[in-house]
Amino acid sequence: MCDRYFERFARAGPPLGLEFAGLREFAEGRAGDAAARRREEGERLRKAVEGGQGLILLDETGRNLDSRAFAAMLAGLRDEGVRDCVVAIGGPDGHDPELRAAARQVISFGKLTWPHQLARIMLAEQLYRATTILAGHPYHRG
């Protein structure tokens with residue numbers, strides 16, 4: 001299911017100035033306590049987004065957006081000239097506070113805690129849905 005939505009996004013996005021560069025997964029931190037794991041994971045992610053990319057964190061404590069607001073956020077980053085955007089799903093211990101402070105946006109898929117695989121599917125679908133909203137396609141009816 002995840003692959004299907006990422007494929008749809010990869011096809012529908014480029015005419016709108018949104019391109020899918022792929023998926024990267026990082027191993028969970030191995031440190032002994034939660035704060036150290038967050039720092040370790042945050043450092044890996046900071047290295048991956050060097051170069052002025054937009055960083056969007058998915059975290060249960062982030063802003064809860066509807067699909068139209070999510071699409072508008074992506075369009076806004078595109079219109080600001082942000083060429084590369086990384087959307088990162090939080091680890092079991094959440095995101096490092098320094099990383100949260102550096103992020104362009106911290107958003108939530110609701111107050112519930114979701115397993116990474118489900119969060120990834122929901123992200124893929126929302127990215128595709130955003131392209132349909134921006135293109136005026138009837139996929140999104142809300």
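Predicted model: local features only at pLDDT ≥ 70, side-chain atom pairs only at ≥ 80, totals over all residues.

Visitor: Which helix is E41 found in?

Guide: E41 is in helix α2, which covers residues 34-48.

Visitor: And how far is E41 from the nearest side chain of opposite charge?

Guide: That side chain is R37, 5.6 Å away. E41 is buried, yet it has no salt bridge.

Visitor: Then what lies 2.7 Å from a polar atom of the E41 side chain?

Guide: The backbone nitrogen of G29 does.

Visitor: Ok, zoom out to α2. Which of its residues are buried?

Guide: A36, R37, E41, G42 and L45 are buried there. On helices in general, there are 3.6 residues a turn, so residues three or four places apart point the same way.

Visitor: What do the buried residues of α2 pack against?

Guide: They pack against β1, β2 (85-89) and α4 (97-102).

Visitor: How many residues does α2 have, and how far does it reach?

Guide: It has 15 residues and reaches 21 Å from first C-alpha to last, close to the 21 Å expected at 1.5 Å a residue.

Visitor: What's going on at the start of α2?

Guide: A side-chain oxygen of D33 comes to within 3.2 Å of the backbone nitrogen of A35.

Visitor: New topic: the largest nonpolar core. Which residues touch the most other members?

Guide: I56, F70, M73, L74, I107 and L127 do, out of 21 residues in that core. At least two residues each come from α1 (2-12), β1 (54-64), α3 (67-79) and α5 (116-135).

Visitor: Which element gives the most to this core?

Guide: That's α5, with 6 residues.

Visitor: What does L127 touch?

Guide: Leaving out residues up to four places away in sequence, L127 touches F6, F9, F70 and L74. There's also a second, separate core of 8 residues, with V49, A88, A103 and V106 among them.

Visitor: Last one, L65. Where is it found?

Guide: L65 is in the loop between β1 and α3.

Visitor: Buried or exposed?

Guide: L65 counts as buried, because its relative accessibility is 19% and the cut-off is under 20%.

Visitor: Which residues does L65 contact?

Guide: Setting aside neighbours within four places in sequence, L65 is in contact with F70, M73, I107 and S108.

Conventions. Residues numbered from 1 in each chain as written. Heavy atoms only, no water. Core = buried A, V, L, I, M, F, W, Y, C linked by side-chain atoms within 4.5 Å. Buried < 20%, exposed > 50% of the residue type's maximum accessible area, 1.4 Å probe, protein only. Helix = DSSP H or I, 4+ residues; strand = E, 2+ residues; numbered from the N terminus. Contact = heavy atoms within 4.5 Å. Lys, Arg positive; Asp, Glu negative; His and termini not counted. Salt bridge = Lys/Arg side-chain N within 4 Å of Asp/Glu carboxyl O. Polar contact = N/O pair within 3.5 Å; in protein donor to acceptor, adjacent residues only side chain to side chain. Expected span 1.5 Å × (residues − 1).
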